[in-house]
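I opened this entry to log what I looked up in one chain.

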Amino acid sequence: MKISGRTRILGIFGHPIGHTLSPAMHNAAIEALGLDMVYIPFSVRPSRLKDAVEAIRGLDILGINITIPHKEVVIDLLDKLSEEARAIGAVNTIINSNGMLIGLNTDGQGYLRSLKGDAGFNPKGRDIVLVGAGGAARGILTALAGEGPASIIIANRTTSKAESLVDEFKVKFPDIDLRACALDTSELKDPLKTAALLINTTSLGMEGKGRLELPLEEMPGGAVVSDIVYKPLKTDFLKKAQDLGLVVHDGLGMLVQQGAISFKIWTGLDAPVDIMRNVVERALEEE
Ligand code: NAP
């Protein structure tokens, strides 16, 4: 990679940032398209976020990804927000447009693109069970709701968080049957009998985080079980779904597609998705 006086800078702000896969993924895309750009990980402590965001302007950085723990707090430091980032309440992508910092969120659309492309699932008119009510759930819910599903049941350990999400989204999407429930096998048994899609958006299933146990055997044949956790790529939850003959959809596609959408926002170019996917897959295998 050649760095010149004209090289444009992209990067990611997070803390900790050591395990991010985004630099490998974006630098592979930059190299494949022969662009004079470089993507750098920046370890930004919460107390330094304001300085770091100001430096995007000061250093004329073209674009930045934002990850944990800055996705929500960064909003107040930006000049403009996309409609989607406002609806989700979080930003994962910033573009520097002549000094104006615009915040966007590509997580939900990245998930949707992967769900349609990798699992062949169209949410329109379908019954969906979404587990979790955190940041990722908000992004995915926003994207799914825009597709016109028949119903979405949100199940979360802290039921009140699922209830507030339902209250908020009911106003924006009155035609969707939205309901909240506890993350509890007995409550989910009936909804799973008719669900066409079940999504885990919690951190359960991640290495060292405990398992997500749900009565997947209740689900109808042909239903899709989706897990956005990507470390490991095949969670126990997905392994169980696969053993039951259900269609499984892992978190790699979302990771790659949210990156591909950010890449297009910054460069105006279609990202080389297959190359990005291979790089991330290899990095995950090596970990
Ligand atoms: P978050 O905002 O912190 O939300 C965490 C969610 O997990 C909440 O619903 C929380 O429930 C639930 N949870 C955590 N520990 C739990 C436990 N022991 N039992 C039951 N529920 C538990 O996190 P996030 O940003 O949404 O991220 C969630 C996961 O998505 C992470 O694993 C992250 O790596 C993954 N992710 C993947 C992608 C991708 O591209 N594939 C993108 C974004 C995120 P409470 O509300 O009850 O605390």
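My notes follow, topic by topic.

**Ground rules**

I am working with a predicted model, where local features need pLDDT of at least 70, side-chain atom pairs count only at pLDDT 80 or more, and totals for chains, interfaces and linings use all residues. Residues are numbered from 1 along each chain as its sequence is written, and side-chain values use heavy atoms, with hydrogens and water left out.

**Domains**

I looked up the division of the chain first. Domain 1 covers 8–105 + 254–286, and domain 2 covers 108–250. These bounds come from an automatic or database domain assignment. I noted 26 Å between the C-alpha centres of domain 1 and domain 2.

**Where the domains meet**

I then turned to the contacts. Domain 1 puts 16 residues in contact with 18 residues of domain 2; contact means heavy atoms within 4.5 Å. About 1,400 Å² is buried between domain 1 and domain 2, and carbon and sulfur atoms give 61% of that area. Buried area here is the accessible area (1.4 Å probe) that two parts lose on being put together, summed over both.

Which residue forms a salt bridge with D118? It is R277, with the closest N and O atoms 3.3 Å apart. The count between domain 1 and domain 2 is one salt bridge, defined as a side-chain nitrogen of Lys or Arg within 4 Å of a carboxyl oxygen of Asp or Glu. I also logged six residue pairs in polar contact between domain 1 and domain 2, both residues at pLDDT 80 or more. A polar contact is a pair of N or O atoms within 3.5 Å; within protein, one must be able to donate a hydrogen and the other to accept it, and residues adjacent in sequence count only if both atoms are side-chain atoms.

On the side of domain 1 that touches domain 2, the elements giving two or more residues are α3 (83–88), α9 (252–267) and α10 (273–286). Helices (H or I, at least four residues) and strands (E, at least two) are DSSP runs, numbered from the N terminus. α9 gives the most to that side, with six residues.

**Ligand**

I found 21 residues around the ligand, the closest being A136, N156, T158, K161 and I228. The cut-off is a heavy atom within 4 Å. N156 has a polar side-chain atom 2.8 Å from a ligand oxygen atom. For R157, a polar side-chain atom lies 2.9 Å from an oxygen atom of the ligand. I228 places a backbone N or O atom 2.9 Å from a ligand nitrogen atom.

**Backbone**

H15 and P16 are joined by a cis peptide bond, omega about 0°. P16 sits in the loop between β1 (8–14) and α1 (22–33). The bond from I68 to P69 is cis, with omega near 10°. P69 is in the loop between β3 (63–66) and β4 (80–81). D60, a residue other than glycine, has a positive phi near 50°. I placed D60 in the loop between α2 (49–58) and β3.
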